[in-house]
Amino acid sequence: AGCAAALHAHSSGAKVILATKLRLGDSNSVMAQGGMQISVAPGDSPVTHFVDTLKGGHMQNDHQLLKVMVEEGPSIAKWLLSLGVLFDRDGDGNLHVKKGGGSSKPRLLTCSDYTGLEIMRVLKDEVINQKIQLLEFAAAIELLSDEAGGCTGAIFKDLDNKNRIAVAHRI
């Protein structure tokens with residue numbers, strides 16, 4: 001999520017610093033095997049995906065957040081493909097979708113059984129290719145805010161030398 005957010009902000013013209021407690025790409029995301037459910041197959045739709053996910057969440061989902069997720073999912077899949085994510089394909093070269101748990105339609109996009117590793121490989125490479133500034137081995141220890149309560153920056157602890165690093169938005 002951090003890499004994707006950094007790339008989207010960077011492409012919109014923002015000055016971005018991406019901080020991580022470890023090295024870029026060292027995260028639990030690389031362990032995700034199952035894939036991602038996105039309504040990209042013929043016969044599926046964001047509406048069907050919305051209803052399936054509501055049922056799976058016992059109707060306790062944040063409806064607005066879920067709406068955004070199912071509506072924007074297909075464009076995110078296209079973006080990941082454009083960056084080079086190697087989602088599984090069928091014999092004709094089309095995206096191969098599987099039926100995931102709780103789904104009434106096949107919509108699970110996978111990269112064999114290493115989907116998270118593949119997505120992180122591509123996102124990490126793109127962060128490096130875009131020359132986004134990195135703070136590795138830096139844990140956020142405090143958020144900075146303005147008088148109105150808006151976040152204006154953060155204090156990080158460099159885990160190698162224990163120094164503090166201040167990152168603040170300048171207007």
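**Notebook: a buried arginine and its partners**

I looked up D52 and R107 and found both buried (under 20% relative accessible area; exposed is over 50%, partly exposed in between; 1.4 Å probe, protein chains only). I note that this is a predicted model, where local features need pLDDT of at least 70, side-chain atom pairs count only at pLDDT 80 or more, and totals for chains, interfaces and linings use all residues. Residues are numbered from 1 along each chain as its sequence is written, and side-chain values use heavy atoms, without hydrogens and water.

**Entry 1: salt bridges.** I counted 5 salt bridges (a side-chain nitrogen of Lys or Arg within 4 Å of a carboxyl oxygen of Asp or Glu). What does D52 pair with? D52 forms a salt bridge with R107, with N and O 2.9 Å apart at the closest. D52 lies in helix 2 and R107 in the loop between strand 3 and strand 4, so the pair ties together parts 55 residues apart in sequence. I took helices (H or I, at least four residues) and strands (E, at least two) as DSSP runs, numbered from the N terminus.

**Entry 2: a second partner.** R107 also meets D44 in a salt bridge, at 2.9 Å from N to O. R107 has 0% relative accessibility. D44 is buried too, at 13%.

Entry 3: I then checked E118 and R121, whose closest N and O atoms are 2.8 Å apart in a salt bridge. Both lie in helix 4, 3 residues apart, about one turn of the helix. Is E118 buried or exposed? E118 is buried, at 7% relative accessibility. R121 is partly exposed, at 38%. Back at R107, shared partners join D44, D52 and R107 into one network.
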